[in-house]
Amino acid sequence: MNAVLVTGASGFGGSHLVDWLLRDSAPVIGWHRPSTAPGASSSVQWMAVDLLDASAVRTAIAETRPGTIYHLAGAAHTAESWRSTTTTLATNVLGTHNLLEAVCLARVSARILIPGSALVYRPSTEALTEDSPLGPRSPYATSKLAQERLGLRVAAEEGLAVFVTRSFNHAGPRQEPSFSTSSFARQLALIEAGVEEPVIHVGNLDARRDVTDVRDVVRSYEAIVERGQPSRPYNVCSGCSYRIADLLQQLVSQARVRVEVRPDPNRMRPNDMPLILGNPRRVQQDVGWTPAIPIERTLEDLLNYWRAEVAGLGRVRRG
């Protein structure tokens, strides 16, 4: 049985995808950056591969010849992309080019999934479909659209089965605290532990976002590769929008201490869209996927994750 390759396998989405894939019998190969540690699972064949090193990518693909590739590696921060535009474009665009070129050169007939972003769409006050106008407004969004176009070009020219998603916001355990719900949960955990003052610093709370549990999102990725149509973009979303203030309130209601919410101008993003809402009809009809995890469980699990992380840091310091 051909192996399944996950790039970015030790990251947020990648680690959850690895967890999901390990329930099957196919061997899983996980790529991680040479500067970072591999994931925790000993059931994965971990490889340190720099996607910007074209030679290393070609060697790794030729040696392992995966049957399926989930390309989850990349720069994922909208705000950071304004400060590190070159890095964002290089990682997402050149890194994807190197991967696809390596597959073509090795003549590997892999099925490839390239997760994109809902931020490739033009801002809208209505639910976005896959036919909605495109109009990326940040370096990150531009890089994700370029990534999608690279995949579709290779599919057309080389006959590869390439699947692309336009994934909306997802949340859950292991997410970096630069994202709103994870930031709130981490701050709450630190406050509960007595490490921080009882104040949660926040950005724009009026924005509304379509949020799906990351564990549902990675489940959709496998379903799209198995049952979706190649070269046909899929919105991965819930079809429900949540006001950021309401998500914060749900987390605060689970806190073990009283907290104050304080706006922080440094947390406000340029070009922040008031609404990002997706229409999931296509992925539901073509693939049969719908989210299964309610937002209440997502937030509870996220807060408990950060409680455990904070407790672990305390044990290390005391040791």
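This is a predicted model: local features need pLDDT of at least 70, side-chain atom pairs count only at pLDDT 80 or more; totals for chains, interfaces and linings use all residues.
Residues are numbered from 1 along each chain as its sequence is written, and side-chain values use heavy atoms, with hydrogens and water left out.

View 1. Gly30 is buried, with a relative accessible area of 0%, where buried means under 20%, exposed means over 50% and partly exposed lies in between, using a 1.4 Å probe and protein chains only. Leaving aside neighbours within four places in sequence, Gly30 is in contact with Val6, Ala9, Val44, Gln45, Trp46 and Met47, contact meaning heavy atoms within 4.5 Å. The C-alpha atoms of Gly30 and Val18, which are 12 residues apart along the chain, are separated by 7.9 Å.

**View 2. The largest nonpolar core, with 28 residues.** A nonpolar core is a set of buried Ala, Val, Leu, Ile, Met, Phe, Trp, Tyr and Cys residues joined through side-chain atoms within 4.5 Å. In the largest one, Trp31, Val57, Ile61, Ile69 and Ile112 touch the most other members. At least two residues of this core come from each of strand S2 (28-32), helix H2 (54-64), helix H4 (85-105), strand S5 (111-117), helix H5 (139-158) and strand S6 (161-167). A second, separate core has 26 residues, including Val28, Val214, Tyr234 and Val236.

**View 3. The packing of H2 against H4.** Two packed helices are described by the angle between their axes and the distance between the axes. For H2 and H4 the angle is about 45 degrees and the axes are 9 Å apart; axes are lines fitted to C-alpha atoms, for helices over the stretch in contact, and angles run from 0 to 180 degrees between N-to-C directions. H2 and H4 are therefore oblique to each other, since angles under 35 degrees count as roughly parallel, over 145 as roughly antiparallel, 65 to 115 as roughly perpendicular and the rest as oblique. On the H2 side the contact is made by Ala54, Val57, Arg58 and Ile61, and on the H4 side by Asn98, Leu99, Glu101, Ala102, Val103 and Leu105.

**View 4. The packing of H4 against H5.** H4 and H5 pack at an angle of about 15 degrees, with 9 Å between their axes, and that makes H4 roughly parallel to H5. Among the residues that make the contact are Leu89, Val93 and Leu100 of H4 and Tyr140, Leu150 and Val154 of H5.

**View 5. Thr165 in strand S6.** Thr165 is buried, with a relative accessible area of 0%. Leaving aside neighbours within four places in sequence, Thr165 is in contact with Leu113, Ile114, Pro115, Gly116, Ser117, Tyr221, Ile224, Tyr234 and Val236.

**View 6. Ser180 in helix H6 (residues 180-192).** Ser180 counts as partly exposed, at 31% relative accessibility. The C-alpha atoms of Ser180 and Val202, 22 residues apart along the chain, are separated by 8.0 Å.

Conventions. Helices (H or I, at least four residues) and strands (E, at least two) are DSSP runs, numbered from the N terminus.
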